[in-house]
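Please find below a colleague's note on the model under review. The points are numbered and may be read alongside the sequence and the coordinates.

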Amino acid sequence: DPLSTPEGAARAFFDAYSAARRTDDPAAVASLVTGTESSAYLSVAGFLAGQKALGKASVVPIQRLDNLATTIDGDTATVTFDYTEGGYDIDLASASPLESPQVLPAYRVTVSLQRVAARWLVDAYTSRP
């Protein structure tokens, strides 16, 4: 179960987020967050709504989480890592590429998690260059 550890939960969340970018549907992350009112869910939903309003989605075949560090304090945890992603935007209706594939520079991500019924769920995340 990837949700049995904070690191596994963070990886599962970002995998689901990347998959959701293909359809602009945040439902893919709903079971991985503390709730649809959480900062993590609202961030994903807001980004995807903006993409959808522009008529585009994304294909993200490259995703790396490097230099992971985890801190656990009771039922809360923090996972930090360097995040690298690569892919391209597509037209939402036709799935035609809108750009050439590219890999973006890595940035530092901090994920806050809570343990709920023996599962780790993402509550919030922040990123910086």
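Which side chain meets that of Asp75 in a salt bridge? The reply is given in point 2, after a remark on the basis of the values.

1. Basis of the note. The model is predicted: local features need pLDDT of at least 70, side-chain atom pairs count only at pLDDT 80 or more, and totals for chains, interfaces and linings use all residues. Residues are numbered from 1 along each chain as its sequence is written, and side-chain values use heavy atoms, with hydrogens and water left out.

2. The Asp75 pair. The partner of Asp75 is Arg115, and the two side chains form a salt bridge at 2.9 Å, N to O. Because Asp75 belongs to the loop between S1 and S2 while Arg115 belongs to strand S4 (residues 107–116), the pair ties together parts that are 40 residues apart in sequence. A salt bridge here is a side-chain nitrogen of Lys or Arg within 4 Å of a carboxyl oxygen of Asp or Glu. Helices (H or I, at least four residues) and strands (E, at least two) are DSSP runs, numbered from the N terminus. Asp75 has 47% relative accessibility and counts as partly exposed; Arg115, at 34%, also counts as partly exposed. The classes are buried (under 20% relative accessible area), exposed (over 50%) and partly exposed in between, with a 1.4 Å probe and protein chains only.

3. Further salt bridges. The structure holds 6 salt bridges. One of them joins the side chains of Asp89 and Lys56 at 3.5 Å, N to O. Asp89 lies in strand S2 (residues 76–91) and Lys56 in strand S1 (residues 56–73), so this pair links parts that are 33 residues apart in sequence. Asp89 is buried at 14% relative accessibility, whereas Lys56 is partly exposed at 22%. Arg64 and Asp66 also meet through their side chains in a salt bridge of 3.5 Å, N to O. Arg64 is partly exposed, with a relative accessible area of 42%, and Asp66 is partly exposed at 31%.

4. The nonpolar core. A nonpolar core is a set of buried Ala, Val, Leu, Ile, Met, Phe, Trp, Tyr and Cys residues joined through side-chain atoms within 4.5 Å. The largest such core has 28 residues, of which Phe13, Phe14, Phe81, Val111, Leu113 and Tyr125 touch the most other members. At least two residues come from each of helix H1 (6–20), H2, S2, S4 and strand S5 (119–128). H1 gives the most, with 8 residues. Beyond neighbours within four places in sequence, the contacts (heavy atoms within 4.5 Å) of Val111 include Ala10, Phe14, Phe81, Val122 and Tyr125.

5. Ala40. This residue is found in helix H2 (residues 39–53) and is buried, with 0% relative accessibility. Not counting residues up to four places away in sequence, Ala40 touches Phe13, Val33, Val122, Asp123, Ala124 and Tyr125. Leu68 is 28 residues from Ala40 in sequence and 19 Å from it in space, C-alpha to C-alpha.

6. Thr80. Buried or exposed? Thr80, in strand S2, counts as buried at 17% relative accessibility. A polar contact of 3.1 Å connects its side chain with that of Arg108. Such a contact is a pair of N or O atoms within 3.5 Å; within protein, one must be able to donate a hydrogen and the other to accept it, and residues adjacent in sequence count only if both atoms are side-chain atoms. With neighbours within four places in sequence left aside, Thr80 is in contact with Asn67, Leu68, Ala69, Arg108, Val109 and Thr110.
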